[in-house]
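Me: I have a structure open and want to go through some of its side chains. Can you take questions as I go?

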Amino acid sequence: MGVAQRPEVWPAPSSDARLSLVLGERALHVNGDLQTARRWYDAAYRQAEQSGDPIALGLAALGLGGRWVREHRTSAESERVRTRQLRALSLLDPSSPTALRLRIRLQGEDDYRNGTHDGILRLLRETRDAGDPLAVAEALSLAHHCLLGPAHAVLRRELAGELIGLAGVTERRGDLLMGLMWRTVNLFLAADPHAERCLEELRRLLREHAYLAVGYVVNAVEVMLAIRAGRFDEAERLAGQCFERGVKAGDMDATGWLGGQLGAVRWFQGRAAELLPGLRDLASSPTLSPIDNSYLAGLALVAAVAGDHRLAAGHLARVRGRDLAELPRSSSWLVSMYFVAETAHLLEDAGTAARAYALLSPYAALPVIGSLGVVCFGSAEHPLGMAALTMGDLDLAVRHLRAAVQANLALGHWPAAALSRCRLGQALALRDGPRDTAARAELAGAAREARDLGMALPGVVGSAALSGAGEVRRTCRFHRDGRHWRIELGGRVAVADHSVGMAHLAALVAHPGREILAADLAAGTWSQEGEGSSAQPVLDDLARDSYRERLTQLQADIDELEEMNDLERASALRLEREWLVQELAAATGIGGRARPFAGGEERARIAVGKAIRRALSRIAGVDPVIGEELRASVQTGLRCCYRPR
């Protein structure tokens, strides 16, 4: 490594600062506790200022940088730490080890913020020649942050191996764990089939002694693997635990990573429209990395899924900027491009799709993974296929989507495989006709996989959504799945909880254009020939159970609000409870047995109308487009009817 630099000698006056430095060092390099380390290093900096100890001042300023780049996300805090580091550097001998380490930290921060890496790699070479193992270890780790784009896989692997070997020289446990963490992340980013072996090695070391910063990354990877396996409920539970551990570790990415994990779950479930309100706030959060455009691109996609094409087009234009090629090639770049390709497809923006295709093409063999293994959207072949589909090149789309299915199977990403298979079937149907055997087989296979995984697959877009007669299919469809309903319309899908009104809507939608008496809807006994009052029960068992469950929940909420002295909200809920009690009483006889309507047409009209309106509001909350379409096409009254537009 060359000739070692002369050691620094601490002056005597700063014993308090040195104690704080020791405690900060332990928190950062032994325990990976970023939050505690910051407190000790901040104390050390103040104490070194008071005692006039430039060496302690420099080490404290260095420690404030933490383990990752951009640990201080707000502009005020980031500039405060940078000012401290520059001041400490100005007081040190430029040839001293601490000065070199400070220059490495500052250069790494600058390169990362600018989306470059030349400066940190140049300093890494100089540091190797200087012979300071601590400085080399820190340069190796910081360089990784600046090289997380898809073009640097080979170099990252070399740097990780060097850091693992160097940990035996620095004798800092944190260096070994960081090296193994970087190697594990690099293997996942490269779709290496042995990545989980390295992950298990990391787990074993963490079981011996926790290291919060690296343990948090391992937890995030475990969420990603649960999503790949299609275990959505487990993934959500793990994501919540991961967030708590990130907060405990003091990691500023905790909020952003949780948003990405839940976003991936909702995307594959077919419920992305639910994310729109929360994603608006998250996309403008100061805790996000300054070169991370994935949340803005995700907002464009979610808006497009929700049917707000104006909002989607606006955010897509912001992501695209002057040229899509100018987006920083950070750890979130592939995810951003995935979202761009999907949004362009929904907006039928062939120009953006073509640009995205050109930029993504060199990375077709890679998985679309965000950050350090936080989320995975499957093979990059999928967005390439979607871009080709939007461009109208069906042969190219089929080729990429077929490759995406195979690549996603190799990744063990079952939801992504089902989604790619669905899109492959749609592309084949467009190219070879809807009766094509291969197209039907792919679509049927995708439907089976989606059903097993609890996914709602997307429909076709634009010209692909046209029927043989050339008219857009606007008829809605309802499918019951336990306590949930799956509502489909023109390629859109919404999933909503069961309710009495949802059952009424399903009956209407199943018979478009036919008028059904409200009394028969309430009784659940409508038939095509049915006219006049029904002698069947007003409410079936499931409907009565739904009413009673709501009554129980309302009473609990009322009791809680009254305990909190929130009388206004309690009064509003009491009105709803009284209405439900009246409806249930009107629908039951002695002993709670179901009572036939026997002429109660007006009561039925009121009850059914209110139930349907509540159901429509619930659907609109999940998917505003489907909700608005149903509101415009469902007629209520003594006779109810669904008339698709």
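Me: Is Tyr-338 buried or exposed?
Reply: Tyr-338 has a relative accessibility of 0%, so it counts as buried. Bear in mind that this is a predicted model.

Me: Which ring does Tyr-338 pair with in a tilted way?
Reply: That is Phe-377, with 5.2 Å from centre to centre and 35° between the planes. Tyr-338 sits in helix α17 and Phe-377 in strand β2 (residues 375-379), so the pair ties together parts 39 residues apart in sequence.

Me: And Phe-377, buried or exposed?
Reply: Phe-377 is buried, at a relative accessible area of 4%.

Me: How many aromatic pairs are there in the whole structure?
Reply: A search finds nine. One of them joins Trp-267 and Tyr-338: the ring centres are 6.3 Å apart and the planes stand at 80°, over the 60 degrees cut-off, so this pair is edge-to-face.

Me: Where do Trp-267 and Tyr-338 lie?
Reply: Trp-267 is in helix α13 (residues 254-269) and Tyr-338 in helix α17 (residues 333-347), so their pair links parts that are 71 residues apart in sequence.

Me: Which residues do ring pairs link into a cluster?
Reply: The cluster consists of Trp-267, Phe-268, Tyr-338, Phe-339 and Phe-377.

Me: Changing topic. Where is Leu-521?
Reply: Leu-521 is in helix α24 (residues 518-523). Its relative accessibility is 6%, so it counts as buried.

Me: What does Leu-521 touch, leaving aside neighbours within four places in sequence?
Reply: Leu-521 is in contact with His-504, Ala-507, Leu-508, Ile-516, Val-608 and Cys-640. Val-608 is 87 residues away along the chain, and the C-alpha atoms of Leu-521 and Val-608 are separated by 7.4 Å.

Terms used: Residues numbered from 1 in each chain as written. Predicted model: local features only at pLDDT ≥ 70, side-chain atom pairs only at ≥ 80, totals over all residues. Heavy atoms only, no water. Phe/Tyr/Trp six-rings, centres within 6.5 Å; stacked < 30°, edge-to-face > 60°. Helix = DSSP H or I, 4+ residues; strand = E, 2+ residues; numbered from the N terminus. Buried < 20%, exposed > 50% of the residue type's maximum accessible area, 1.4 Å probe, protein only. Contact = heavy atoms within 4.5 Å.
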